Amino acid sequence: MKNINKDYLAIAAAIGLLGLFVTALNVFHEELEVVTSSPPTQQQPEMTLGKRIARSCVSCHDMSRSRSMQLVGPPLWEVFGRVSGVVPGYDYSAAHIRKSAECMVWDEESLDAYLANPKAYVPGNKMAFAGLRDAKERKALISYLKTLRYPDEPPASLFTGNETGDLSEALFASAEGEVWKSKGEETVRRVCWTCHDTGETAENKHGPYLWKISGRTAGTATGFNYSASMQRYADQGLVWNDYNLCHFLKDPHNYIPGSTSTMPAIKDHLTRMAVIGTLRTLQ
Ligand code: HEC
Ligand code: HEC
């Protein structure tokens, strides 16, 4: 009788352990599912490879959510979808500042080109990394870089409105900062004043008033009669953060097709950045 009891207990314990094991597996599986949206069977080998390649970055980049600035390179948490060169307080080279002035975003294409040959893609940058020749390794690494964010947070993109980076900060802080500040103010006076009021009185002219334009939702100047196109973008929640302003001022008619604005494009990257910096001061 005693023996049977013992066996019974042993079997019960074994079943209990098995249950725990299955639960643990499920939890593990669920955790993976949060991070990767496609079936784990396809994603797993690529993610493993990506993680392995990323080991060659961690000597210079913090990749965790703590965004440490103690290393020689800028933190890479949330790098995917971010405008180049905008981590506040990081001392970028002029080459990277120039890229942010072009409103260059770290997406699949730009990361692939940069990681293949950093020196060729951003000439004059100070990242001492030769590049990854293998396209498959770059693809895996980029897939991994995409996961460096909180799972429920969408990548910063055109209409999320959560990109608060100050694109002109680095330019204005550079050795020629004062020159660019004046250039920005002068361009706004010379070009934008024809159609826009920039003062606190906030009057609508041919174009809507630009008071507090930086961070304002598109199409919300009180009393201004916007075009249907601009209205449509406004309804989608387009916010005039630096990044969207950069694209708009670079090419207004392609950015908002059908807009009634006859605004001239500001083709020169750094002048455009300086204008965006000046728009930030209108508050
Ligand atoms: C030897 C150090 C070093 C290594 C290794 C290195 N980086 Fe960098 N990285 C830097 C530095 C320094 C910068 C800033 C460059 C500048 O301002 O010119 C940088 C910049 C970057 C940027 C631009 C970030 C931004 O905010 O715009 C990305 C993206 C990047 N590195 C990705 C990587 C990846 C991915 C790896 C691994 C494959 C890697 N780096 C390996 C030093 C390094
Ligand atoms: C020739 C006239 C003209 C000039 C010059 C002009 N704009 Fe405009 N702008 C407009 C008009 C008109 C609109 C409204 C467009 C619409 O409703 O489609 C507009 C819209 C805008 C908007 C969107 C505002 C909102 O409330 O959503 C911004 C931002 C803007 N302009 C910035 C500028 C800046 C900066 C300059 C100078 C570099 C400039 N514009 C030069 C006519 C002009």
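Reader: Which residues of α3 are buried?

Author: This is a predicted model, in which local features need pLDDT of at least 70, side-chain atom pairs count only at pLDDT 80 or more, and totals for chains, interfaces and linings use all residues. Residues are numbered from 1 along each chain as its sequence is written, while chains are lettered from A and ligands numbered from 1 in the order in which they are written. A residue is buried if 20 or more other C-beta atoms lie within 10 Å of its own, exposed if 12 or fewer, and partly exposed in between, with C-beta atoms placed from the backbone. Helix α3 covers residues 94-101, and six of its eight residues are buried: His96, Ile97, Arg98, Lys99, Ser100 and Ala101.

Reader: How many helices and strands does the protein chain have?

Author: Helices (H or I, at least four residues) and strands (E, at least two) are DSSP runs, numbered from the N terminus. Of the 283 residues in the chain, 27% count as buried. The count for the protein chain is twelve helices and zero strands.

Reader: Which helices are among those that cover the buried residues of α3?

Author: Two residues are in contact if their C-beta atoms, placed from the backbone, lie within 7 Å. The cover over the buried residues of α3 includes α7 (169-173) and α12 (269-280).

Reader: Are α8 and α12 roughly parallel or roughly perpendicular to each other, and why?

Author: Axes are lines fitted to C-alpha atoms, for helices over the stretch in contact, and angles run from 0 to 180 degrees between N-to-C directions. Angles under 35 degrees count as roughly parallel, over 145 as roughly antiparallel, 65 to 115 as roughly perpendicular and the rest as oblique. The axes of α8 and α12 lie 8 Å apart at an angle of about 80°. α8 and α12 are therefore roughly perpendicular.

Reader: How do the residues of the contact of α8 with α12 divide into nonpolar, polar and charged?

Author: On the α8 side are residues including Trp180, Lys181 and Glu185, which meet α12 residues including Leu270, Ala274 and Val275. Ala, Val, Leu, Ile, Met, Phe, Trp, Tyr, Cys and Pro count as nonpolar, Asp, Glu, Lys and Arg as charged, and the others, Gly among them, as polar. The contact of α8 with α12 has five nonpolar, five polar and three charged residues.

Reader: At what angle do the axes of α10 and α12 cross?

Author: Helix α10 spans residues 242-250, and its axis comes within 10 Å of that of α12. Asp242, Leu245, Cys246, Leu249 and Lys250 in α10 meet Arg272, Val275, Ile276 and Leu279 in α12. The residues of this contact are six nonpolar, no polar and three charged. The crossing angle of α10 and α12 is roughly 130°.

Reader: Which residues come nearest to ligand 2?

Author: A residue is near a molecule if its C-beta atom, placed from the backbone, lies within 6 Å of it. The shell around ligand 2 has 15 nonpolar, eleven polar and no charged residues, and α9 and α12 each supply at least two of its residues. Of the 26 residues around ligand 2, the nearest are Cys192, Cys195, Gly207, Ser227 and Ser259.

Reader: Which residues come nearest to ligand 1?

Author: The shell around ligand 1 has 14 nonpolar, nine polar and one charged residues. Of the 24 residues around ligand 1, the nearest are Cys57, Cys60, Gly73, Ser93 and Asn125.
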